[in-house]
Amino acid sequence: MRIYKHPILEIAEAKIVTVYMDSQPIIAHENDSIAAALIASGISVFRHTHKTGEPRGVFCGIGQCADCLVIVNGQPNVRACVTLVKEGMQIQSQSGYGQVGTPL
Ligand code: FES
């Protein structure tokens with residue numbers, strides 16, 4: 001689900017990093033947002049809502065709606081669409097409000 005060739009735009013080569021989503025390795029490009037890396041890997045559901053448990057993923061993509069919240073290295077409520085991946089980052093899908101120090 002990643003664009004490697006484009007008829008007009010030049011796509012620069014990127015350094016590859018490995019992050020982990022719910023303990024599964026995900027290959028990402030350096031400077032990808034977490035959301036971009038997850039979507040490129042076929043993952044579109046990042047969390048489930050507190051009240052009804054409905055799935056959520058990217059909605060606005062610009063850090064305004066909070067639909068894309070995930071737990072990053074134990075820190076809940078991180079907006080995946082505006083947070084860049086880092087080598088070895090541990091990402092977890094979030095249920096409800098998330099909890100500080102959620103075990104990986
Ligand atoms: S998709 Fe809206 S804040 Fe991330």
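This is a predicted model: local features need pLDDT of at least 70, side-chain atom pairs count only at pLDDT 80 or more; totals for chains, interfaces and linings use all residues.
1. One of the pairings to look at is I16, whose bridge partner in β2 is H29.

2. Most residues other than glycine have a negative phi. Is D22 buried, partly exposed or exposed? It counts as partly exposed, because 13 C-beta neighbours lie inside 10 Å.

3. N31 is not a glycine either, yet its phi is positive at about 75 degrees. N31 sits in the loop between β2 and α1 (34-40). N31 has 12 C-beta neighbours inside 10 Å, so it counts as exposed. The cut-off matters here: a residue is exposed with 12 or fewer such neighbours, and partly exposed between that and the buried limit of 20.

4. The nonpolar core. In soluble globular proteins, nonpolar side chains tend to be buried together. Here the largest nonpolar core has 20 residues. Which members touch the most others? They are I34, A35, A37, L38, V70 and A80. β1, β2, α1 and β5 (69-72) each supply at least two residues of this core. The largest share, six residues, comes from α1.

5. A37 and its contacts. A37 is one of the core members that touch the most others. Set aside its neighbours within four places in sequence, and A37 is in contact with V19, I26, A28, D32 and V85.

6. R2 lies in the segment before β1. R2 is partly exposed, because 14 other C-beta atoms lie within 10 Å. How far apart are R2 and A35 in space, C-alpha to C-alpha? The distance is 12 Å, while 33 residues separate R2 and A35 in sequence. A35 is also among the core residues that touch the most other members.

Key
Residues are numbered from 1 along each chain as its sequence is written. Helices (H or I, at least four residues) and strands (E, at least two) are DSSP runs, numbered from the N terminus. A nonpolar core is a set of buried Ala, Val, Leu, Ile, Met, Phe, Trp, Tyr and Cys residues joined through C-beta atoms within 7 Å. Two residues are in contact if their C-beta atoms, placed from the backbone, lie within 7 Å. Two strands pair if DSSP finds at least two bridges between them.
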